[in-house]
Number of protein chains: 2
Amino acid sequence: MSELKIDTRLWSSKARNLSPYVPGEQPQHDNLCKLNTNENPFPPSPKVGEAITKVLEQQADDLRLYPAPESDDLRAALAQLYDLDVNQVFVGNGSDEVLALVFASFFLKERPVLAPDISYSFYPVYAQTFGVDLIQIPLEEDFSIDPDAYRQPCSGIIIANPNAPTGLLLSLADIRKLAGEHSNSVIVIDEAYIDFAQVEAGSADAQVSAVSLINDCDNILVTQTFSKSRSLAGLRVGMAFGNASLIEALTRMKNSFNSYPLDKLAQAGATASVLDTAYFEQTCQQVIDLRQSLTAELTALDYQVLPSHANFIFVRPKDGNASAVASALREQGIIVRHFDKPRINEYLRITVGTAAQNNRLIEALQALQKNAEAVTD
Amino acid sequence: MSELKIDTRLWSSKARNLSPYVPGEQPQHDNLCKLNTNENPFPPSPKVGEAITKVLEQQADDLRLYPAPESDDLRAALAQLYDLDVNQVFVGNGSDEVLALVFASFFLKERPVLAPDISYSFYPVYAQTFGVDLIQIPLEEDFSIDPDAYRQPCSGIIIANPNAPTGLLLSLADIRKLAGEHSNSVIVIDEAYIDFAQVEAGSADAQVSAVSLINDCDNILVTQTFSKSRSLAGLRVGMAFGNASLIEALTRMKNSFNSYPLDKLAQAGATASVLDTAYFEQTCQQVIDLRQSLTAELTALDYQVLPSHANFIFVRPKDGNASAVASALREQGIIVRHFDKPRINEYLRITVGTAAQNNRLIEALQALQKNAEAVTD
């Protein structure tokens, strides 16, 4: 392919001013140890493949028809999972699409949106796309979120919980406080990784998900995804939970962009995933166990490891030279994520892999450390 | 479900001002004769199901991974189909999503967009969503498009070709003329139904698709879909073809909304569909043949039938009482589309169905006519 000389003459001013999101790379090599985009190390529930195969075998003809525009069955399954009314549930083409619709539906151009300075890097992109101001509120020294720092006029607040790339968890008490102090703003809690925290916390008596607050707080909107805890990044399904009036705004916005974002197979597969609770809990627990082992091993190698509630860990090598570690690992086919940004450029975000992947990582880091000692000696 | 009282207090001004698109209904009844949303009466190529099943059997584990963000294999197959470079091809979650990104990427707030007054009803919705003025240019008396009527300043023109709901085709000479007269505006040709016209026209010597113009005219962007001629409305895949700089704008806009709009299974299924040229041509030809029979039979029943180049026909009953005909058909489980709008409220848009569906429609209309005569007698 020849080098493209881009001519922006026919672009809209909006298109000219974009700084698009850059997803973590998806290299296609054999024997790669891919620990850079927080995918689940386990496959999805076998029920997912079975449900999709059943559609293909029994209703292949139906692919010629438009899918259910509001994904009714999937929303009903999610409503039942969380004991909600179906009109408190929205679904979309991955939580990225849901978040785009959230920015368009709730955030005003006249008042800014508040978000942590270190968080999901798509938030500033959405803000630019929809022309809203984003004020980034610095995390504390220990990377935690202080709700008091958000006490300023805004049209909304968006917080990833657990936050990425730190993995730290904000308490429901703090979220409730934010919602109470900003009763005329929408508080969006992006719970892409919450299931790993919720399964760890255990029973319903120990709620960590803000879904448990939406009946009390009409201004809390919670987004989640099938891409992490449900091992379905390849299927593109995300969801939002909130007061029925918030969900209605999202639905109207969806129907002003794209009426049928979820194809028939994705709807069937995602529904089957929701119904297989046992598999879900078992694989989440396995990821949590693997995270704990990985944390212990990295700590033994003198890495500082933040207390993660997600399926990744945020770690700092003793000398802070995270970039060099990432490069050395890449040479051995192990890909981790390094963000070349202020405050976090001495850290690496590492996805929790299978036991074999984690061992390969630890062995590589041990070898690296031995080489460094040999040079120093 | 209780009646929802909508509270718009927390909505953005954008959300409050929307008039979302209302898709044709998707009723779920047995024995329904659904001729209202222009789906293909034939199932998709069997290769589609085979390709998806293969992914599920051989790479089910891969569903845990993000799909290829730029749908490389699918774009390569489409590029080969039309003898283009891959950077002249864009794909999205149905042509509705592609069109939304088109409005955001090319149409300016300072200058209006021009479209026919009778056309795809999502265009005014997109205009409102993205805050651009849409000027609707009246079709001629015979519902044809006069390119000279578009001679006014604009940031873009969008024309469905064949147009919906009329089914009429604009010539490539007219499209080239529009592009030449508006060299600083993007001319979007929405070819959702073009394959039925192209297969009818025959060989490559008789081009009717504007894809054949994009190497000559850097301001023509063509959108197409898998939902009609490829019988894959249930899979949600659409595409755009144009100069590489136009495609780059769409790609940047996509990556500012949602990086991964096409799931792994949709990519595999759509690619298999593109590669099965024989099935595609055969089913398109069957639809064309069925359209011709249906046209003849309706003409015999004294319906005025516009010369359609799509997989639907636009017809006027002799007395112009289209609404009554639609209601009478609905009572017998036959759903056709009636638009309660000026100029076209005496017409019905009827999707070409299977031979059996078309017979059922004709028999119902014959019975209706007999009843009317009996009443008159």
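Predicted model: local features only at pLDDT ≥ 70, side-chain atom pairs only at ≥ 80, totals over all residues.

Trainee: What makes E9(B) and E10(B) a pair?

Mentor: Pairing needs at least two bridges by DSSP. E9(B) and E10(B) have two bridges, so they pair. In one of them, B:Val305 has B:Val315 in E10(B) as its partner. The two strands form a hairpin, with six residues between them.

Trainee: Which strand does E10(B) join through four bridges?

Mentor: Strand E10, residues 312–316, is joined to E12(B), and the two run antiparallel. B:Phe312 stands opposite B:Thr351 there. Together the strands give an open sheet in the order E9-E10-E12, with antiparallel pairing.

Trainee: Why are E9 and E12 of chain B placed at the edges?

Mentor: Strand E9 (304–305) and strand E12 (348–351) each have a single partner strand, so one side of each lacks a neighbour in the sheet.

Trainee: Why is E10(B) called largely enclosed?

Mentor: Four of its five residues are buried, so the rest of the structure largely encloses E10(B). Helix H10 (residues 277–300) of chain B also lies across E9 and E10, at about 10° to E10(B).

Trainee: On to chain A. What is the strand order of its seven-stranded open sheet?

Mentor: The order is E2-E8-E7-E6-E5-E3-E4, and the pairing is mixed. Strand E2 (89–92) and strand E4 (134–137) are the edge strands, since each pairs on one side only. Neighbouring strands are turned by 20° against each other on average, direction ignored.

Trainee: How do you know that E6 and E7 of chain A pair?

Mentor: Four bridges join strand E6 (residues 186–190) to strand E7 (residues 220–225), and the strands run parallel. The criterion is at least two bridges, so the pair qualifies. A:Ile189 has A:Val222 in E7(A) as its bridge partner.

Trainee: Which helix packs on the sheet and touches E2, E5, E6, E7 and E8 of chain A?

Mentor: That is helix H4 (residues 94–106), whose direction makes about 160° with that of E7(A). Helix H3 (residues 72–82) lies across E2, E7 and E8 of chain A, at about 130° to E2(A).

Trainee: What makes B:Asn258 buried?

Mentor: Buried means under 20% relative accessible area. B:Asn258 has 2%, so it is buried. B:Asn258 lies in the loop between helix H8 (244–257) and helix H9 (264–275) of chain B.

Trainee: Why is there a polar contact between the side chains of B:Asn258 and A:Asn93?

Mentor: The cut-off for such a contact is 3.5 Å. The two side chains make theirs at 2.8 Å, so the distance is within the limit. Beyond its neighbours within four places in sequence, B:Asn258 is in contact with residues including A:Asp96, A:Phe122, A:Arg236 and B:Glu97.

Trainee: Is B:Ser231 buried or exposed?

Mentor: Its relative accessibility is 1%, so B:Ser231 counts as buried. B:Ser231 has a positive phi of about 55° although it is not a glycine. Its place is the loop between strand E7 (220–225) and strand E8 (238–241) of chain B.

Trainee: Which peptide bonds are cis?

Mentor: One joins A:Asn161 and A:Pro162, with omega about -5°. Another runs from A:Ala164 to A:Pro165, with omega near 10°. A:Pro162 is in the loop between E5 and helix H6 (172–181) of chain A, and A:Pro165 lies in the loop between E5 and H6.

Trainee: Finally, which residues have the most contacts inside the largest nonpolar core?

Mentor: They are A:Ile220 and B:Ile220, in a core of 108 residues. A second, separate core has 72 residues, including B:Leu101 and B:Phe106.

Key:
Residues numbered from 1 in each chain as written. Chains lettered and ligands numbered in written order. Heavy atoms only, no water. Core = buried A, V, L, I, M, F, W, Y, C linked by side-chain atoms within 4.5 Å. Buried < 20%, exposed > 50% of the residue type's maximum accessible area, 1.4 Å probe, protein only. Axes fitted to C-alpha atoms, helices over the stretch in contact; angles between N-to-C directions. Contact = heavy atoms within 4.5 Å. Polar contact = N/O pair within 3.5 Å; in protein donor to acceptor, adjacent residues only side chain to side chain.
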